[in-house]
Amino acid sequence: MPHSPDDFTAYAHARLPELVTTAHLLSGGPGDPGDPREATELVRRTLVKVCARWRRIPRDDVDFYVRRSLVKEYLRRARRSRTRSARQRAVLVLLHWEGLREAEIAQLLGCSTGAVRSRARRGLAVCGGDADRLRGLFTEAAESAEFAASAASASGGVPFDIPLDAVEQRGRALRRRRRGVVVAGCALLLVPAVVFGAGGFMGAGSADGSGGGASDVAQSPTRIVAPGERVDAVTGVQVWLTTDGKHWSAPERPNQFRGLTGDGDGDGGSDRQAGKPGVSAQLDPMKSGYFLSGLYRGLSADPARVEVTVDDRRITGTVLTLAGSPGWGVWYARTPLTPEELKSSSVDGGPTVTVYDAAGKVVARGGADE
């Protein structure tokens, strides 16, 4: 458990002024501090959800998680009110007030860097194209929000009107409710698994001796992730998916992006692979060797197995995909490829990646493309 409840109280108390200021800027606009009640409610709901997941948040990733939760809650409320410019406003606040880089905003919003750049350009044009003027308007709005909070505190009210003890109570209740849902869901999943498992055991001694094939081969672990959800593939390497492709960050290659149809950073490129089954492979240098990963596309269903062949060695990859079986996803291998193995495999054209379906049929095959 990386955090204790006391850690949450200290963190929330320290970050409360900054969170409320950002919420004011999100709920309003340049030069407009927004509705104080809407901003404080936005922060309160965010902190409740953060408190519910507090023990699962990595210690070095708290600010990212809290900021992402705040923006997601804002965008969720904006969708209900049909606010069209919500994402554009979020990009402007994160870029010109929070000071985040475009790549960091793309991770936070779960989109490509190109999409962030486009929204920032359009939003700045609405404000006259002057970034300094926009930051000045944000500063005026933030000072107005801080003055209102100070006035509330001086008059004996609760600063920002967000009592943290009530937030913790709601957060703990939400955590217990989620835990109950998970337990109930696991029970529902285990019952049919036990039934079918017993059936398979009873049928294992049939006279025809059938039952081999693909089921005897190790399957690739598959994880369904949300757009922008970061996964620690191996030490020092994070991988995440957005609706337009694969992102990864390695020690030697931070904040990389590969689109579904492009060959570069996702801002264009050839669409020669669009709609056609295929799989790519990338080799990222690390201290212990090379990290292997890639993107498969054009499949009618999620793969059952992704296998990397290096000479006579076979490595089973892990699969990441978005919900809904989109027909594409990312694979990676936890076992690094040593420089000696890479040099040996380069004689035959490098590692080969093969994708199998549930029946053990090859549905895509490819090799290292960079």
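**Entry 1: W240 and its sheet**

I looked up W240 and found that it stands opposite H247 in β4. I note that the model is a predicted one: local features need pLDDT of at least 70, side-chain atom pairs count only at pLDDT 80 or more, and totals for chains, interfaces and linings use all residues. Residues are numbered from 1 along each chain as its sequence is written, and side-chain values use heavy atoms, with hydrogens and water left out.

I took helices (H or I, at least four residues) and strands (E, at least two) as DSSP runs, numbered from the N terminus. Two strands are paired if DSSP finds at least two bridges between them. On these terms, β3 pairs with strand β4 (residues 245-249) in the antiparallel sense, over 5 bridges.

I then traced the sheet, an open one of 4 strands in the order β2-β3-β4-β5 with antiparallel pairing. Its edges are β2 (231-234) and β5 (256-259); each has a single partner strand, so one side of each is left without a neighbour in the sheet. Neighbouring strands of this sheet are turned by 25° against each other on average, direction ignored. For such angles the axes are lines fitted to C-alpha atoms, for helices over the stretch in contact, and the angles run from 0 to 180 degrees between N-to-C directions.

I also checked N255, which is found in the loop between β4 and β5. N255 has a positive phi of about 55° although it is not a glycine. At 29% relative accessibility N255 counts as partly exposed; buried means under 20% relative accessible area, exposed over 50%, and partly exposed in between (1.4 Å probe, protein chains only).

I located R305 in strand β9 (residues 305-310). R305 counts as buried, at 10% relative accessibility. Which side chains make polar contacts with that of R305? I found E307 at 2.5 Å and T316 at 2.8 Å. A polar contact is a pair of N or O atoms within 3.5 Å; within protein, one must be able to donate a hydrogen and the other to accept it, and residues adjacent in sequence count only if both atoms are side-chain atoms.

I followed β9 to strand β13 (residues 352-356), to which 5 bridges join it in the antiparallel sense. The bridge partner of V308 in β13 is V353. The open sheet here has 4 strands in the order β10-β9-β13-β14, with antiparallel pairing. β10 (313-316) and β14 (362-367) stand at the edges with a single partner strand each, so one side of each is left without a neighbour in the sheet. The twist averages 20° from one strand to the next.

**Entry 2: P221**

I placed P221 in the loop between α8 and β1 (222-225). P221 is partly exposed, with a relative accessible area of 45%. Leaving out residues up to four places away in sequence, P221 touches G317, T318 and V319, where contact means heavy atoms within 4.5 Å. The C-alpha atoms of P221 and G317 are separated by 7.5 Å, although the two residues are 96 apart along the chain.

I asked how many residues of helix α5 (residues 102-109) are buried. The count is 6 of the 8, so α5 is largely enclosed by the rest of the structure. The buried residues are A103, I105, A106, Q107, L108 and L109. Their cover includes α3 (62-80), α4 (86-96), α6 (113-126) and β3 (237-242). Just after α5, G110 takes a positive phi of about 70°.

I next examined the largest nonpolar core, which has 51 residues; F8, V43, L47 and L109 have the most contacts inside it. A nonpolar core is a set of buried Ala, Val, Leu, Ile, Met, Phe, Trp, Tyr and Cys residues joined through side-chain atoms within 4.5 Å. Neighbours within four places in sequence aside, V43 is in contact with L16, L19, V20, A23, L70 and I162.

**Entry 3: Cysteines and whole-chain values**

I found 0 disulfides, a disulfide being a pair of cysteine sulfur atoms within 2.5 Å. C51 counts as buried at 6% relative accessibility, and C111 counts as buried at 10%.

For the chain as a whole I recorded 9 helices and 14 strands. Of its 370 residues, 41% count as buried. Among contacts between residues at least 6 apart in sequence, 61% join residues at least 24 apart.
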